[in-house]
Amino acid sequence: MKQMLIIFFLLFAGFRLSAQVTAAIQVSDLPSIVINREVSLHIISPEPIRYADISTNSIAGDFPVDNILRLKILPDSASRLNNFSSNTPIVTIVGESFIAQYRLVYLPGTAVSSLVNILPEHIRPLDVAATSLTSPELRVHALSMLKNRSSHRIRKSDEYGISVALNQVYTIGDQVFLDITYRNETNLAYDIDEMRFKIEDKKINKATNVQSIEIKPVWQLYPLTGFKKTYRNIYVLKKVTFPENKILNVELTEKQISGRAITLQIKYKDILKADTF
């Protein structure tokens, strides 16, 4: 019986070791990308790049935009890349939900492409939380909200000829989507300084300290820009909870000199009644 158990454990350990070896990726199995000294190589990711690593000091990399990794061979470094059979340069790219690796193949004087797309067959998914959404997924949901042209407004406010309305609230997982529209009824364009989301007391007593908790959106559909007549955007917040004596204030302020400011008050029940995708 004891010998049987020993044999079983040896077989099990061998199976696990075999599985680990099978799961490992050899450098020779990685897809290759050709690079040379004359052309900068741009690797395009389907989603924002969170991390990148280049295994050689002969190649520099940067991010011109959040989903493009640009690679360039440093001056006087090409000669070191002519023969790297024993030390192949590897570039590793990590997105919001995937990891991809490539071998960099140096071919001097050869016409090469300056653009390379990360293809689905080159990526391995990461173990991200089921409630987390990538930027492309967030964008799809936000655009679907923009298609809704309903005149119903959940909350609204107006001041200085500027009106603001909360059109819709949607949730998915632990993320809250807020659809907010600003309208300018004046002939003076509105130059946005900043937009802030703060949980504050509904009623402020002058004798007590005001408790304010600022919340930063994790994503928004469009950047903050000035507007002449209408500005509509979708903002995504991490799930927030607050008591009935608190309120979520959305403050939009204008650049000086005029400095017009308008606040939209969102109640917790507005979030509790949110639709789901």
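I started with Glu214, which comes out partly exposed at 32% relative accessibility (buried is under 20% relative accessible area, exposed over 50%, partly exposed in between, with a 1.4 Å probe and protein chains only). This is a predicted model, where local features need pLDDT of at least 70, side-chain atom pairs count only at pLDDT 80 or more, and totals for chains, interfaces and linings use all residues. Residues are numbered from 1 along each chain as its sequence is written, and side-chain values use heavy atoms, with hydrogens and water left out.

Next I looked up the partner: Glu214 and Arg196 meet through their side chains in a salt bridge, 2.7 Å from N to O (a side-chain nitrogen of Lys or Arg within 4 Å of a carboxyl oxygen of Asp or Glu). Arg196 sits in strand β13 (residues 192–201) and Glu214 in strand β14 (residues 213–215), so the pair ties together parts 18 residues apart in sequence. I read strands as DSSP runs of E, at least two residues, and helices as H or I, at least four, numbered from the N terminus. Arg196 is partly exposed at 28%.

Then I checked Lys198 and Glu200, whose side chains form a salt bridge at 3.7 Å, N to O. Both Lys198 and Glu200 are buried. Shared partners also link Arg196, Glu214 and Lys216 into one salt-bridge network.

I searched the whole structure too and got eleven salt bridges. One of them joins the side chains of Lys238 and Asp174 at 3.3 Å, N to O.

Last, I noted Tyr160: its phi is positive, about 55°, though it is not a glycine. Tyr160 is in the loop between β10 (155–159) and β11 (162–172), and is exposed at 52%.
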